[in-house]
Amino acid sequence: MTRDQVTALQKRRLIITCVAAVVAAAALALVASRFATPADAAKTRQARLWTWRTQVPGVAKNVPPLAAESARAGGLDPASVRTVVSTGGASLVAARSSAGGACFGLASATQASSFSCRLPSRREAVLIRLLSGGSDVTKVDYAVLVGVARADVGRVAVTTVTDGTANLLLNSWRGFGYAATAPGAFPSKLSVYGKNGSLLQQIDLGVLESPS
Amino acid sequence: VAPTVNSRTLAYWFYQGNIPTSTGARAVHKQNDCCNIDHWIRMSWQVGTHDMNFLNIDYAGNWSSVRAYASDGYDQYLLYNANYWRRGGCQNPVGLSTVWVNCHEGNTP
């Protein structure tokens, strides 16, 4: 075999090896994509359901003052804090996460919780916060529920401890709230329905208890 | 499994233990130190358990409870105005199982 023939053979082997490698890589990518696509698609859809027309939902005015300080303590931009909904002296507040999404917390005139920046799970159609209190440590005088719904929610209904029900209005940020001062009207359960009327989630709110 | 906060041994937890307590109390709270308006309660609790409550009580006995959702993590804080609230603490909601809790006045871990 001449030197030219050996060189040609080596080139042919190299080409075959390269083609085989490309085909194998493409096949692996195809297999990987078949496994990854449904999960990725679900995650993308879930993330999309928790977006708004602005990066952070809500309005910048009337933000409880402690909310900005709480955001700062959590490593969030205090200037990004917005009020999603307010009722009964409590507000659901939002701030911009470092990843660009929205974080949520509860704030009143004298309190502010830490912010949660996690993407809610697929089973969660709403994110809620609950505040209760009283004028005496032996009794509960009020309960306030504030929350925000994902984009496919059509209706949120609260069930009271006496089995009454009330639909909660979703505002333009999909925020909702409920406040009660009569013990029989305290919330015990939240039911969340899709825009097609299907039940998406039910939340047992537990029993409200005084501190003593 | 008890909460695992890195510098827990260095922190000032005013209560570390089960709630309900040995006396059956479902809440523990502490009078805040003087003179700063912004005060913090930090609560970490047993991973894998349920939602807990932050608790504030004022001079006249008025109280307020903010639920801390376990789905958001087992180490959370509440910032409060100490001109208004005299005491801060941690509460295990009624009817739920005993939970190991670290209740801390302050926001450092």
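A:Asn62 is exposed, with a relative accessible area of 66%. This residue belongs to a predicted model. A:Asn62 sits in a loop of chain A, between helix 1 (3–49) and helix 2 (65–73). Its phi is near 60°. That is a positive value in a residue other than glycine.

A:Arg174 also has a positive phi, near 65°, and is not glycine. This residue lies in the chain A loop that joins strand 8 (165–168) and strand 9 (175–180). Is A:Arg174 buried or exposed? A:Arg174 is buried, because its relative accessible area of 14% falls under the 20% cut-off.

| Residue | Phi |
|---|---|
| A:Asn62 | near 60° |
| A:Arg174 | near 65° |

Next comes a strand residue. A:Ser191 is part of strand 10 of chain A, residues 187–194. A:Ser191 counts as buried, at 4% relative accessibility. Which side chain makes a polar contact with the side chain of A:Ser191? The partner is A:Gln202, at 3.0 Å. Setting aside neighbours within four places in sequence, A:Ser191 is in contact with A:Arg155, A:Val156 and A:Ala157 among others. A:Leu199, A:Gln201 and A:Gln202 are also among its contacts.

The bond from B:Ile19 to B:Pro20 is cis. Its omega is near 5°. Where is B:Pro20 found? B:Pro20 lies in the chain B loop between strand 1 (13–19) and strand 2 (27–31).

How values were computed:
Residues numbered from 1 in each chain as written. Chains lettered and ligands numbered in written order. Predicted model: local features only at pLDDT ≥ 70, side-chain atom pairs only at ≥ 80, totals over all residues. Heavy atoms only, no water. Helix = DSSP H or I, 4+ residues; strand = E, 2+ residues; numbered from the N terminus. Buried < 20%, exposed > 50% of the residue type's maximum accessible area, 1.4 Å probe, protein only. Polar contact = N/O pair within 3.5 Å; in protein donor to acceptor, adjacent residues only side chain to side chain. Contact = heavy atoms within 4.5 Å.
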